[in-house]
Amino acid sequence: MNILIMGPPGAGKGTQAELIAAAYGIPHISTGDMFREAVAKGTELGKKAQEYMNAGMLVPDEVTIGLIAERLTRSDCERGFLMDGFPRNIKQAEALNNILSDLHKELDFVINIYVPNEILVDRMTGRLTCPECKTVYHRTFQPPRQEGICDKCGASLQQRSDDTAVETVRNRLEVYEKETNPLLDYYQKRNLLVNIDGQQSREQVFASIKAHLGRA
Ligand code: AP5
Ligand code: MG
């Protein structure tokens with residue numbers, strides 16, 4: 001199954017992507033995680049991406065599109081993939097069409113998780129992330145069993161640098177509205193869009209998604 005997961009910053013894309021990828025045995029491809037890993041390693045890509053991410057802006061399309069074009073050719077995508085955070089504008093969506101058509105693949109579903117803005121801000125500012133296995137927590141809504149420690153791999157949890165400044169959080173929401181939200185119409189017209197209420201609990205959101213995807 002070839003799936004995109006969309007929604008504003010903090011909607012729960014990464015949280016659900018982890019559950020879907022495990023349940024359906026497909027890789028979770030997150031452009032945000034790829035950029036954060038590059039920043040942590042101090043690579044050329046990381047140096048390019050960091051200033052855009054910290055400002056809440058999109059990393060330039062040519063960088064992001066190239067990254068995804070390469071990632072989708074890897075053998076773990078043969079049974080499908082779950083893409084989180086790409087595409088984020090029409091240019092990226094059209095590039096994805098071309099990449100997939102070259103690989104003789106098609107999208108099966110575009111999941112859109114919708115959540116009101118006032119809730120998104122709380123979700124982002126309370127989020128904690130594992131830098132090793134990428135598991136996502138929340139201080140209040142999804143706390144780890146032991147404070148500051150990942151349940152799965154024992155690493156120390158971190159706060160993302162783009163979650164700390166109110167200005168950056170606000171910018172990310174604005175960029176989403178302007179650049180990414182129009183893609184919902186784009187995929188609706190292709191009959192691929194599945195809308196999911198992201199204000200339900202993590203488990204209820206996952207159950208709603210599974211009801212649409214069915215058995216793999
Ligand atoms: P990216 O990493 O993709 O971030 P984002 O889109 O801003 O989304 P988030 O990761 O913040 O939120 P999420 O929806 O994954 O929510 P989560 O599951 O963590 O991108 C970061 C940056 O990278 C961009 O700003 C840009 O600079 C760059 N970038 C990435 N892709 C790009 C592209 N294609 N082009 C250009 N630039 C790109 O959940 C959030 C919190 O809520 C967590 O604490 C979680 O525990 C909690 N939570 C989740 N579900 C629930 C629930 N049901 N109830 C209560 N709490 C919940
Ligand atoms: Mg995420």
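This is a predicted model: local features need pLDDT of at least 70, side-chain atom pairs count only at pLDDT 80 or more; totals for chains, interfaces and linings use all residues.
**View 1. Two cysteines, C133 and C150, that are not joined by a disulfide.** Welcome to the first stop: the structure holds zero disulfides. C133 takes part in none, and its nearest cysteine sulfur, that of C150, is 3.6 Å away. Seen from C150, the closest cysteine sulfur belongs to C133, and the 3.6 Å separation is too far for a bond, because a disulfide needs the two sulfur atoms to be within 2.5 Å.

**View 2. A cis peptide bond between F86 and P87.** Look here at the link that runs from F86 to P87: the peptide bond is cis, and its omega is near 0 degrees. P87 sits in the loop between strand 3 (81–84) and helix 5 (90–102).

**View 3. H104, a residue other than glycine with a positive phi.** Its phi value is near 55 degrees. You can find H104 in the loop between helix 5 and strand 4 (109–114). H104 is exposed, and its relative accessible area is 75%.

**View 4. K134, with a positive phi in a residue other than glycine.** For K134, phi is near 70 degrees. To locate K134, follow the loop between strand 5 (127–129) and strand 6 (136–138). K134 is partly exposed, with 25% relative accessible area.

Technical notes. Residues are numbered from 1 along each chain as its sequence is written. Chains are lettered from A and ligands numbered from 1 in the order in which they are written. Side-chain values use heavy atoms; hydrogens and water are left out. Helices (H or I, at least four residues) and strands (E, at least two) are DSSP runs, numbered from the N terminus. Buried means under 20% relative accessible area, exposed over 50%, partly exposed in between (1.4 Å probe, protein chains only).
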